[in-house]
Amino acid sequence: MNRKEVFRAVIKREIQRIRHNSVYKFFLFTGPLLGILILYAIFYKGSMREIPVAVIDRDNSSLSVKLTNAINASPDVAVVVQGHDLFRAKEYLDRGDIDAIVLIPFETEKAVYKSLEAPIPLYINGANVLKASLIQRSVLTTVKTISAGVQLKKLMAEGKSEKEAMTRIIPVSIEKHVLFNPYSNYNYFLGSALIYVILFLFVILSSTYTLGNELKRGTGKDLLKTSNNSVRIAVFGKLLPYTVIFIAFTMLINLLLYGIDCFPLKGNFLVLLFGQFVAVITLQLMGLIFIGLTSNLRLALSLVSGYSMMSITFSGLTFPLGSMPKVAQIFGSIFPFTWWEKLFISQSLRGAPLDEALPYILYLLLFQLVALFFLKTYKKHLGDPAYWGKT
């Protein structure tokens, strides 16, 4: 048989293994599909809205009512508890029924109209940093807006023009431009990245499993025989069906993000597509590295799982990579996801030029080059019974 026929024979052999093994089907179809759809549903709204808070109004004035209504009108929070009993509100906070308490003290309105300081205490459950920051921002903005409105009316009553009064209230104005995520949408940088994390997890797990399963089942010689003793044909023939399926999943992600969610795409979509293809191939070949190093399917899968989870931490997704210690920054470079995330953000959110994207792709290709050095080791393991049947 010529090389093309041998290559087809390996592909056909692998397809038969997929058809008759439920683990393959889970890694290839059920797991990725469920993971993508669940994460998409979780982050579909993009931002947290209507976080439950309590307002304890001890002033019972027109100003306190106006302040309560303004807080409730904010899209970030929802006033679900009102009253006068601070201790009862604290019980709700301790039980987790609410996430913050806004206290409007006695004679707040009198103090405001006398131009005296009138603090509005805010008690926040800080266990969830994201919720806490949203509540603080929302309540602070509302209180400042109401306060500015009161001061504006007072100054205009004293004969100041609206322009003069606004200048007194806000002598220095801040003009803010959020460049790359102006909607503060968590789906745009967190949800989308986690969707790729779950997909890439199944990519590397499936390749590790299918390569290691040849050793565990002792079918290595059969694979080499089918591939005419060519380990390159054996590996690439085995992985090609998986490549096609996972590329199809990247197309599904593109449909969800760019087609349905209208995800920002400020860069070159073709570069992004090519990066997706390179990332999938890279993660598949990473399985070759782990099997080559361990020749043990169970150990390799355990290492791959830990490696994949650490990639989230050290990619800079949840904490800026530049703020980490130098050792952590260097450590973060050994994960392909770090470079994929940089490529994804640069082309999707930032619209970076092509010359910035190319180094990220080259880093991904470097992982592939390292993996190819393990082909010889893998061939040795396939043909040597000493490496078979390990659990």
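Reader: Leaving aside neighbours within four places in sequence, which residues is Tyr 378 in contact with?

Author: The model is a predicted one, in which local features need pLDDT of at least 70, side-chain atom pairs count only at pLDDT 80 or more, and totals for chains, interfaces and linings use all residues. Residues are numbered from 1 along each chain as its sequence is written, and side-chain values use heavy atoms, with hydrogens and water left out. Contact means heavy atoms within 4.5 Å; on that basis Tyr 378 touches Leu 211, Glu 214, Leu 223, Val 231, Val 235, Leu 288 and Ile 291.

Reader: What makes a group of residues a nonpolar core?

Author: The members must be buried Ala, Val, Leu, Ile, Met, Phe, Trp, Tyr or Cys residues joined through side-chain atoms within 4.5 Å. Buried means under 20% relative accessible area, exposed over 50% and partly exposed in between, with a 1.4 Å probe and protein chains only. The largest such core has 82 residues, and Tyr 378 is among those with the most contacts inside it, as are Tyr 196 and Trp 340. Helix H8 (residues 186–216) supplies the largest share of this core, 15 residues. A second, separate core of 17 residues includes Leu 63, Ile 71, Val 77 and Val 79.

Reader: Why is Asp 94 called exposed?

Author: Its relative accessibility is 55%, so Asp 94 counts as exposed. Asp 94 lies in helix H4 (residues 86–95). Helices are DSSP runs of H or I with at least four residues, strands are runs of E with at least two, and both are numbered from the N terminus.

Reader: Why are the buried residues of H1 said to line one face of the helix?

Author: The buried residues of H1 are Val 6, Val 10, Ile 11, Arg 13, Glu 14, Arg 17 and Ile 18. Seen down the axis of H1, they fall within an arc of 160 degrees, so they line one face; the arc is that of the directions from the helix axis to the C-beta atoms. The face turned away from this buried side carries the exposed residues Lys 4, Arg 8, Lys 12 and Arg 19.

Reader: Why is the protein chain called more spread out than a compact globule?

Author: The secondary structure of the chain comes to 16 helices and four strands. The radius of gyration is 29 Å, well over the 21 Å that the globule rule gives for 391 residues, so the chain is more spread out than a compact globule. This radius is taken over C-alpha atoms, and the rule is 2.2 Å times the number of residues to the power 0.38.
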